[in-house]
Amino acid sequence: MRIACPFCGERENGEFTYLGDAKPKRPFVAVIEDGKGAEGEQDAFYEYVYLRDNVAGEMSEYWYHGGGCRSWLVVKRNTLTHEILSVAAAPGTGAAVVDVAMAKAGTE
Amino acid sequence: MVDFVWNVRSPLQQAVMPGRAGAIVPFAGVKLAEIRDFDLVQIFARRGQREATAKAVKKHYGVDAPAPRQAVSAKGATLIWSGPDQLMALSARKPGTFRPVDALRESFEGIASLSDQSDGRCLIRMSGLQARAMLAKLTSVDLHDSVFPVGTAATTSIDHTAVNLWRSENSEDGSPVFNVLVFSSFADSIWHTIVDAAAEYGIEIETRSAASV
């Protein structure tokens, strides 16, 4: 399997490290004065930390190009065929990504 | 207080033995050189400062900052792309200069972070008619002329060791010249890996000062 790093080009998968599902988002927790969590907060965190879908098909995953440019990437991959559908820099991973966002914002 | 003598020596001092190595053949297929006495500064654009950093590079070095996967020659320095928004500036060490970032500080003030890597890396140059065949054993990066022409740079791994690999101008016999920057502590290991890979082609080994390259 090869991954086309948006910065380096196509590289062997030995240069990459797999983190896992890119879908889960850290639950937002508002600070509450009495020190108690919001309703359902623990369940949300439990789900975020432990529960993962076992996807048979297309999945978004985090991969780290540690053997290359050291960028975090979001790879859309078919877990049945290993076909890679898209590769993009993970949001917020570096100045380049922010620049792209800024450039887009400037044109809108 | 007693003053001590501090001798500067390369991390490859013991590994690199100038002369011939490997197969006994009339002409060495691979020429290896450890380039010493260089200054190396990493220039890393701060968030949102990529354009400003590119302008500062142009102003300081007189050439455009290297595009992704490129290395460019500038006045007294080689600029090597090393990842998104970052590059390495490689130059011969100036006698009496201990802090190469000092000369860059003003140009990149507030827009890029500078980090002196001079003694943190070793520089190995590989050339000869079999250099590409030898490197093909060590890296999965395609080094064919059509995809890796002169001036191409890659941030990759050789033998699980992070390296900056780039190609400079062909040598006089027309054979390609590849350069590898490797962390000093891994240099010995990677040197032996390279020598093992090159052994079958015959090797000619030398050390050179960056000023003479």
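How many bridges pair β3(A) with strand β4 (residues 58-64) of chain A, and in which sense? The two strands pair over 4 bridges, in the antiparallel sense.

## The model

This is a predicted model, in which local features need pLDDT of at least 70, side-chain atom pairs count only at pLDDT 80 or more, and totals for chains, interfaces and linings use all residues. Residues are numbered from 1 along each chain as its sequence is written, while chains are lettered from A and ligands numbered from 1 in the order in which they are written.

## The sheet in chain A

Four strands of chain A form an open sheet, in the order β3-β4-β5-β6, with antiparallel pairing. β3 (17-21) and β6 (84-89) of chain A stand at the edges with a single partner strand each, so one side of each has no neighbour in the sheet. From one strand to the next, the twist averages 30°. Axes here are lines fitted to C-alpha atoms, for helices over the stretch in contact, and angles run from 0 to 180 degrees between N-to-C directions.

Strands (E, at least two residues) and helices (H or I, at least four) are DSSP runs, numbered from the N terminus. Two strands pair if DSSP finds at least two bridges between them. In β4(A), Y64(A) is the bridge partner of T17(A).

## Two loop residues in chain A

R70(A) lies in the loop between β4 and β5 (72-78) of chain A. Its phi is near 60°, a positive value in a residue other than glycine. H82(A) sits in the loop between β5 and β6 of chain A. H82(A) is not a glycine either, yet has a positive phi of about 65°.

Are these residues buried or exposed? R70(A) is partly exposed, with 17 other C-beta atoms within 10 Å. H82(A) is exposed, with 9 other C-beta atoms within 10 Å. A residue is buried if 20 or more other C-beta atoms lie within 10 Å of its own, exposed if 12 or fewer, and partly exposed in between; C-beta atoms are placed from the backbone.

## Chain B as a whole

Chain B has 4 helices and 12 strands. Its radius of gyration is 18 Å, close to the 17 Å that the globule rule gives for 213 residues, so chain B is as compact as a globular protein of that length. The radius is taken over C-alpha atoms, and the rule is 2.2 Å times the number of residues to the power 0.38. Of the 213 residues of chain B, 43% count as buried.

## An enclosed strand and a helix

In strand β3 (residues 38-45) of chain B, 8 of the 8 residues are buried, so the strand is largely enclosed by the rest of the structure. F38(B), L40(B), Q42(B) and F44(B) point one way; D39(B), V41(B), I43(B) and A45(B) point the other way. β3(B) runs antiparallel to strand β6 (residues 86-92) of chain B, joined by 7 bridges. There, I43(B) stands opposite L87(B). Another 5 bridges join β3(B) to strand β7 (residues 112-116) of chain B, also antiparallel. V41(B) stands opposite D116(B) in β7(B).

Helix α4 (residues 184-198) of chain B has buried residues, including W191(B) and I194(B).

## Where the chains meet

17 residues of chain B are in contact with 16 residues of chain A. Contact means that C-beta atoms, placed from the backbone, lie within 7 Å. Strand β9 (residues 153-158) of chain B gives the largest share of the chain B side, 4 residues.

How values were computed: Contact = placed C-beta atoms within 7 Å.
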